[in-house]
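Subject: Handing over the model

Hi,

Here is the structure I promised to pass on. Have a look at it first, and then read my notes below.

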Amino acid sequence: MNIRAAVDLLKQIPLFAKVDDAHLQTLLFSSDELVVPQGRRLFEAGDPATSAIVITSGEAVVHDGQTGSVLALAGPGSMFGEQSMIAGLPRQVTVNAKTEVEAIVIEQAVFVRLCSEFPEVGMQMLDVLSQQLGESSDALAEVQEHFQVQPLEELMKQKRGD
């Protein structure tokens, strides 16, 4: 994939949407390309997330790390591992190549260097991650309302008829 097409692809990913093209080019020049044959694994849940991966062509199947169930089919523009990489957490899903997959591999050191050399880039990405965290917290609170558990004391009073 040429550099212009790769920049355009990264711009479609929320984390990079507001990042200047020149900074994305710098990121891409420092990143690696990966080709994964059909049927092979890109990574497995529990693996250390020392890089983020962006699919540039092909399709991959995303599996839940605990149950193994299929969560999604991922294609060009799908990104994996950015939050785990930033937070230093292990990967949460397993991803297998459904077809041959070509991808960009953004190593943690490259990502950190970009953010430290260009703090405005780090701030732009931090804004996106903060927004995503807020949306996740709101969704969790909404789901949690449906599963409110009564305190044990209240349950005991109901059982006794108090």
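Let me start with one residue. Leaving aside neighbours within four places in sequence, V19 is in contact with K11, L24, V121, Q124 and M125 (contact means heavy atoms within 4.5 Å). You'll find V19 in the loop between α1 (3–11) and α2 (21–29); helices (H or I, at least four residues) and strands (E, at least two) are DSSP runs, numbered from the N terminus. V19 counts as buried because its relative accessibility is 1% (buried is under 20% relative accessible area, exposed over 50%, partly exposed in between, with a 1.4 Å probe and protein chains only). A5 is 14 residues away from V19 along the chain, and their C-alpha atoms are 15 Å apart.

Before going on, some housekeeping. This is a predicted model, where local features need pLDDT of at least 70 and side-chain atom pairs count only at pLDDT 80 or more, while totals for chains, interfaces and linings use all residues. Residues are numbered from 1 along each chain as its sequence is written, and side-chain values use heavy atoms, with hydrogens and water left out.

Now the sheet. Its 4 strands run in the order β1-β8-β3-β6, open and with antiparallel pairing (two strands pair if DSSP finds at least two bridges between them). At the edges sit β1 (32–36) and β6 (79–80), each pairing on one side only. β1 is joined to β8 (residues 101–107) by 5 bridges, and D32 has V105 of β8 as its bridge partner. Helix α4 (residues 108–117) packs on this sheet, touching β3 (51–57) and β8, and its direction makes about 55° with that of β8 (axes are lines fitted to C-alpha atoms, for helices over the stretch in contact, with angles from 0 to 180 degrees between N-to-C directions).

In β3, have a look at T56. T56 is buried, at 12% relative accessible area, and not counting residues up to four places away in sequence, T56 touches M1, L9, P76, E102, A103 and I104.

Another set of pairings involves β4 (residues 60–64), which has 4 of its 5 residues buried and is therefore largely enclosed by the rest of the structure. β4 pairs antiparallel with β5 (residues 70–74) over 4 bridges, with V61 partnered by L73. The β4–β5 hairpin has 5 residues between the strands, and G68 takes a positive phi near 80° there. β4 is also joined to β7 (residues 93–97), again antiparallel, by 5 bridges; V62 has V95 as its partner in β7.

What about the cores? The largest nonpolar core has 24 residues, and L10, F16, L27, V54, M79, I106 and M125 touch the most other members (such a core is a set of buried Ala, Val, Leu, Ile, Met, Phe, Trp, Tyr and Cys residues joined through side-chain atoms within 4.5 Å). The elements giving two or more residues to this core are α1, α2, β3, β8, α4 and α5 (119–145). A second, separate core of 15 residues includes A60, F80, V95 and V105.

Finally, the aromatics: the whole structure holds 1 aromatic pair. The rings of F43 and F80 have centres 5.9 Å apart and planes at 65°, so the pair is edge-to-face (rings of Phe, Tyr and Trp, its six-membered ring, pair with centres within 6.5 Å; planes under 30 degrees apart are stacked, over 60 edge-to-face, the rest tilted). Both F43 and F80 are buried.

Cheers
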